[in-house]
Amino acid sequence: MSIPALVTAVVAAAVIVASRGLRQRAQAVVLPIFTGILLLAVWHLWAESTWYELATPGQPTRRVEVFPTPGRVLPAFAELASDGRIFRYIIASLFRVATGFGVAALIGIPLGLYAGWSTRGGYAIDPYIAALRPISPIAWIPISTLAFGIKDEAAIFIIFMGAFFPIVTGAATAVRSMPIAYVRAAHNFGLRKWELLRFVVFPAALPQIITSLRIALGIGWLVVVAAEMTAIQSGLGFLIVDARNMGMRYDLVVAGMIVIGAIGIGLDWLVRRLERLDSVRWGFSKE
Amino acid sequence: MKLKIVLIGVAAFALLAYAHYRFNSGPISRGSLEPENPPSTAAGAGQAEAPKEREVFRVGFLPVTCHLTCPVTSWVTQHSSAGTKFQAERFSDFPTMKEALIARKIDATFMIVPLAMKLAADGVPVKIVYLGHRDGSALTVGIDSPFKEFKDLAGKRVAIPSRFSNQHLLMQRMLKQNGMARDAIELVEMAPPDMPGALAAKAIDGYIVGEPHGARAEMAGYGRVLFFMKDLWPDFISCGLVVRQELINDRPELVQELVDGIAASGLWLEDDIDDGAQHRKQASEVVGKVFYNQDPKLLEWVLTRPTDRVRYDNLLPTRKNFDEIMDLAVEMNVITKRMAFEEYCDAQFAPDLGALPKIENFPPPDVAAKSDK
């Protein structure tokens, strides 16, 4: 067991406890930093606990490193950056998620609005959305391979399957929970059906739709690893799947996971910006 | 009221947990096999020895014919009265199997040879101690495809199980032999079970993989075998028995027993092939039903049409064979550090085949199930 890592963990934990006495603004800086340090130290200690000594008769005793420590993962980032692979993979994954998510929104929002607005539409669509939604996108991989082969479309389809259902349900619920007074008022102004949808229903539902888009994008990014398990040869998910295929490259696996997490934060931040638009903002009490 | 809900929840979970462990026999075992019988006392073996607990030792395998000697040995030792019981532990893919080996959750497994070499090169203390088979792969193409010879595949897309498979190295070897460029054929990595479907959907033009996945397309009528391994690389090796160095250090006698069992299984599968191949048919029945969860007819097809489609003799790992594989792997940059034969292979356990006891008892699955009750 490494003493420096243990000391680091203890110190980080002590700082976290002691930060109680700081002002809130200071806490906002100190807490995330030191929880991070604590996590890294725990990871280091756990990784080292998987290592063992091997004594073979007639050979020098050697240490076998099973799981990589944080220090062992850093060179993996350097390796991935040096040949530009990481940037190509990020672009590939972002492209697939953007496409799958975009198609899901284009089909899902109108379908959800319709299912929410029309009673007949709800009867027809609701049960099947409810039944298909809990199926993990991973289960679609064989079907996706049969339908789309081993091209980008196969991965995009998996992401679409992850993002589509939250959008439909979100849009449908948004319409259903709209105050009936809006519709009555619109009728009093003599709005026709399409005008009603365009100027009343859609804007009223928009804040909730944006929220469901945010969830859907999160899920789309979440399933990128599964989507790239199909036989395509690029992307962050492929990086992880491919590193598993190799001998002992768990440093690459962890590096891939960290990049996916970091980009996930970025994407969520972007969609949160959407919530601040004027046409949406009225729907949120906070911010 | 709230207490009631909590109690119902706890009771439901307890029932679920009980049912899971009752019916799925523990989290590691993958269900496939084994009537969980205590060492059978009522099997009528006639030997009234003290009921000594026999050791159970797990050996990993994938449901492919390259690993067939693993379940055969498992079945034989489960129905013998003495010695270690080798329990075949089913995996679905090589990465998971490899991880179980690295993390020391399993001590022995059948594995593609270049992957084992790669593990050794990466510092994982494992050794190949014996081979699992010879040949046993097929290059399969669409039934209506025009391909006749290897060169016809230029510009086409062919699936391989892994870069670290010998099927990949074989494709590279064939490209070189035919004077074709390295990238003349587009090779894509794909999970073996998905390959026949991808061929049917015309997502790929062909695939090369361990049986029975080639025969699946053949039997279903949309694929045909373009080449057997004997046509491309005679005595082809794809998988070997890989054990952890610690096991060799601490339990050499156990490794010996396992290798003896694998070798005896191989002999048994071979010794009547010119005489109706009854043993192979029996093996198809048992392995298909109990271990692989595949149609026994599919296995029988692979094992008998023709019988040299896959072979279970000549299982001694030799320097000459492995050096050739290693050279190809290094040349293709699949392995970056060239390893000496001794660093990844330990042939000391290879038995004297003439001295091995013959397999006599190989009961069919239903009879075995009856004798357990």
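**View 1. Strand β3 of chain B is a mostly covered strand.** β3(B) spans residues 108-112, and five of its five residues are buried (buried means 20 or more other C-beta atoms within 10 Å of the residue's own, exposed means 12 or fewer, partly exposed is in between, and C-beta atoms are placed from the backbone). Strands here are DSSP E runs of at least two residues, helices are H or I runs of at least four, and both are numbered from the N terminus. The model is a predicted one: local features need pLDDT of at least 70 and side-chain atom pairs count only at pLDDT 80 or more, while totals for chains, interfaces and linings use all residues. Residues are numbered from 1 along each chain as its sequence is written, with chains lettered from A and ligands numbered from 1 in the order in which they are written. Which way do the side chains of β3(B) go? A108(B), F110(B) and I112(B) point one way, T109(B) and M111(B) the other, and all are buried. In a regular strand, side chains alternate between the two faces of the sheet. The strand pairs with β11(B) (residues 239-244) in the antiparallel sense over five bridges; pairing takes at least two DSSP bridges between the strands. Look for M111(B) with its bridge partner G240(B) in β11(B).

**View 2. An open five-stranded sheet sits in chain B.** The strand order is β8-β7-β9-β6-β10, with mixed pairing. β8 (186-189) and β10 (223-228) of chain B are the edge strands, each pairing on one side only. From one strand to the next, the twist averages 30° (axes are lines fitted to C-alpha atoms, for helices over the stretch in contact, and angles run from 0 to 180 degrees between N-to-C directions). β7(B) (residues 157-160) and β8(B) pair in the parallel sense over four bridges, and I160(B) stands opposite E189(B) in β8(B).

**View 3. Two helices lie across strands of chain B.** Helix α5(B) (residues 166-177) lies across β6 (137-142), β7, β8 and β9 (206-210) of chain B, at about 145° to β7(B). Helix α7(B) (residues 213-220) lies across β6, β9 and β10 of chain B, at about 140° to β10(B).

**View 4. P192(B) is in a loop, but is it buried or exposed?** The loop runs between β8 and α6 (195-200) of chain B. P192(B) counts as buried because it has 26 C-beta neighbours inside 10 Å. Leaving aside neighbours within four places in sequence, P192(B) is in contact with P161(B), V209(B), G210(B) and H213(B) (contact means C-beta atoms, placed from the backbone, within 7 Å). I160(B), 32 residues away along the chain, has its C-alpha 7.9 Å from that of P192(B).

**View 5. S118(A) lies in the loop between α4 (85-117) and α5 (119-132) of chain A.** S118(A) is partly exposed, since 13 other C-beta atoms lie within 10 Å. R176(A) is 58 residues from S118(A) in sequence, yet the two are 9.6 Å apart, C-alpha to C-alpha.

**View 6. Chain A meets chain B.** Here 16 residues of chain A are in contact with 24 residues of chain B. On the chain A side, α6 (141-148) and α11 (236-245) are the elements giving two or more residues, and α6(A) has the largest share, three residues.
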